Number of protein chains: 2
Amino acid sequence: MKKHKSKAVPPPVRGKRGPRPRNSVTLKMVAREAGVSASTASRIINRTVNVSDELRLAVEAAIAKFNFRPNAAARGLALGKTQTIGVISQAIASPFYGEGMRGIEHRLQQSGYAPLFMSGNWQEKEEIRCMEELITRGVDGIILFTSALSDAALKAYARKVPIVVTGRLLKSKGLVSMQVDDRYGALVAMRHLLDLGHRRIAFVAGFENHPDANERLAGYRSALESAGIPYDPKLVVAGDFHEEGGMQAVYQLMDANIPFTAMFCINDETAYGACLALFRKGMRVPDDISVIGFDDLRSSTYRVPPLTSVRQSVQQVGECAAEAILQMVAGRRPQVSVPPIELVVRESTGRVAG
Amino acid sequence: MKKHKSKAVPPPVRGKRGPRPRNSVTLKMVAREAGVSASTASRIINRTVNVSDELRLAVEAAIAKFNFRPNAAARGLALGKTQTIGVISQAIASPFYGEGMRGIEHRLQQSGYAPLFMSGNWQEKEEIRCMEELITRGVDGIILFTSALSDAALKAYARKVPIVVTGRLLKSKGLVSMQVDDRYGALVAMRHLLDLGHRRIAFVAGFENHPDANERLAGYRSALESAGIPYDPKLVVAGDFHEEGGMQAVYQLMDANIPFTAMFCINDETAYGACLALFRKGMRVPDDISVIGFDDLRSSTYRVPPLTSVRQSVQQVGECAAEAILQMVAGRRPQVSVPPIELVVRESTGRVAG
DNA sequence: AGCATTCTTGAAACCGGTTGCAGAAGGCCG
DNA sequence: CGGCCTTCTGCAACCGGTTTCAAGAATGCT
């Protein structure tokens, strides 16, 4: 198996290229089958220019015959884009983020872009790893469905790739943010409880200094103020955005003998935990204590009793975020909109016990 | 800077290449900065061969200086692999699939492979679309976390890319399947209810002919048989694997005045729905009716009352699936293992009312 | 009919990496 | 001190598409 040799320009030596297992059908094969060049085939596939019907049909037949699908890596390399949107949420198994991802997936489906989901698990370091990974993979845009990164870090990344971030307000080149009106949502929740006659309303917050939590606390306070009820810091206890935090909050309040007739929980998961702890303490919801959540997760419909909640449609937030990033990668300035906030009254809230 | 010239082949015309916005730093730039060729830089990055410390340090410095990250598309094209595992589940927002994906994500994290999640929504057509998309994108392997595809279709795909599928038993080249022992799980659940003295036990099934559902039904029947209790088909009602189905099942049973003291639900979500419907009918769980689920979703811990369930650790199934696909892409034959089945007794089941 | 213009089409450059091959450099031995 | 072996390193082929450029064909116009 001897190869000849040339002086100035050695001719292409088509040696076997190592153990590279290629089996897929390539554009070139399709083109040969259809009797055209690869360029023409490419143009037909992408409708880049007009081509005679005859050739078009020949190529389409060849594509069908071989069941040809262009290699995404090659296309991505040539085009400099991957038709992929990176999506970083905090936990893939969480019902909250699940609904958001579902919204993103749904909106992206019809667009030819595919989502690439990763989870930051509320750790700044992990989130950075995700960002680097996504950028390496050449995603065309990134949605941060809530983020643990600093504003400055976000702005820096936004210079490399279009970014949409939810859960904060931040304006910068190549970056769009979407914030739901947490304060107003909290106001709506509180108004509902106040209308039912509650005066001693506990608030189960999130981690301290979490922006969402602060806004909702502000709404809590302003609602009390409007109703002429003095703010009692003893009624505000920290949580962790999860069931565990809701449970601890109830234990803490009851063990300290702080009286209350209703609880406003920072999110539905916290409310679930609160309900369970109340159950353990022998309190009935809503007869003894009313409980209201925030987010209106799908599962809240099926709690026993079904949970009253402030609805912000996480799924719709996801859809809006996807819509925005699509606008951005298309080079347009996106119209950001957020879904409306509404109160969903179910059976975990009732008139204060007379 | 004169280049040599050849006759037949016209010299490369380095024309401006249209409006292609490239901004990223390339291997070539790094190599030039470090004073080596691109090949050497590549070899250093991939540790393909030994290189003198001097050059290694120079290249590493250049990489750090430019914050260089190799372009994944180019690498994927050259290597013919993408370091990506496609994962198809049925619904990204479902707690069941969420836990599975979490397991997969967790196992893959430490391996250098990234998961690419897509959802089939229980539609064969959508699942095919996902498969095609994943293959186009050149994923190195695919995990089907349950699948609506036929065995034959699966085998066909397995010839193009390594596949791991959960929820069925199927052996073929390039394909590994993982099935949990549904029948045994059902047996465990039933034994628990029987031990508590229940004799009239309803079974809320899934869709008809769903393999999991059939296996669990078989377990249900065999448990009854061992206990010497005749099988009463009126106690078996169809569900849909969701809350809605659980609710309808309860209504159907009670409207038909079929007496029962316990319910075995095909999965936890169904059990949630059943609990709610029982609540609506004024029945208490577990005082009047005991309810047991299957899967032990995380949220079952926080139901009111906390749900007794058969645990198969969906997350661990995900981890095992990920482990298996990693073995396969590495060219090894995987050792498939599935997590053990165990009964988690909580508060939704109790002694039959005397 | 003759010339300008527009359409089609293919050859080859290019995207940014990896890698076979071979030449250069250094080490060891007789 | 020359020959043979290793070890490093660079050139250029390649992965599979897209796109520029230019040539050839077809059409339009006077």
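Visitor: Which ground rules apply?

Guide: This is a predicted model, with local features needing pLDDT of at least 70, side-chain atom pairs counting only at pLDDT 80 or more, and totals for chains, interfaces and linings using all residues. Residues are numbered from 1 along each chain as its sequence is written, chains are lettered from A and ligands numbered from 1 in the order in which they are written, and side-chain values use heavy atoms, with hydrogens and water left out.

Visitor: What makes you say that the same surface serves both copies?

Guide: Contact means heavy atoms within 4.5 Å. By that test, 96% of the contact residues of chain A recur in chain B.

Visitor: How do you know that the length of helix H3 of chain B agrees with what it should span?

Guide: Helices (H or I, at least four residues) and strands (E, at least two) are DSSP runs, numbered from the N terminus. The expected span of a helix is 1.5 Å times one less than its number of residues. With 14 residues (53-66), H3(B) should span 20 Å, and its end C-alpha atoms are 20 Å apart, so the two agree. Just after H3(B), B:Asn67 takes a positive phi of about 55°.

Visitor: Why are E2 and E5 of chain A called edge strands?

Guide: Two strands pair if DSSP finds at least two bridges between them. In chain A, 5 strands make an open sheet, in the order E2-E1-E3-E4-E5 with parallel pairing. Strand E2 (114-119) and strand E5 (175-178) each pair on one side only, and those are the edge strands. Neighbouring strands here are turned by 20° against each other on average, direction ignored.

Visitor: What makes E3 and E4 of chain A a pair?

Guide: E3(A), residues 141-144, and E4(A), residues 163-166, run parallel and are joined by 3 bridges, where the cut-off is at least two. For instance, A:Leu144 has A:Val165 as its bridge partner in E4(A). Helix H7 (residues 151-158) of chain A lies across E3, E4 and E5, running at about 155° to E4(A). For such angles, axes are lines fitted to C-alpha atoms, for helices over the stretch in contact, and the range is 0 to 180 degrees between N-to-C directions.

Visitor: And which strands are at the edges of the 6-strand sheet in chain B?

Guide: That open sheet has mixed pairing and the order E7-E6-E8-E9-E10-E11. Its edge strands are E7 (236-237) and E11 (342-344), each pairing on one side only. Inside it, E6(B), residues 201-204, runs parallel to E8(B), with 4 bridges between them, and B:Phe203 stands opposite B:Phe264. H10(B) packs on the sheet, touching E6, E7 and E8, and its direction makes about 140° with that of E6(B).

Visitor: Why is A:Val139 called buried, but B:Asn257 exposed?

Guide: Buried means under 20% relative accessible area, exposed over 50%, and partly exposed in between (1.4 Å probe, protein chains only). A:Val139 has 9% relative accessibility, so it counts as buried. B:Asn257, at 69%, counts as exposed. B:Gln83 has 32%, so it is partly exposed. B:Gln83 also has a positive phi of about 60° although it is not a glycine, and B:Asn257 has a positive phi near 55°.

Visitor: What makes a nonpolar core?

Guide: A nonpolar core is a set of buried Ala, Val, Leu, Ile, Met, Phe, Trp, Tyr and Cys residues joined through side-chain atoms within 4.5 Å. The largest one has 150 residues, and those with the most contacts inside it are A:Met263, A:Phe264, B:Met263 and B:Phe264. A second, separate core has 38 residues, including A:Leu116 and B:Tyr157.
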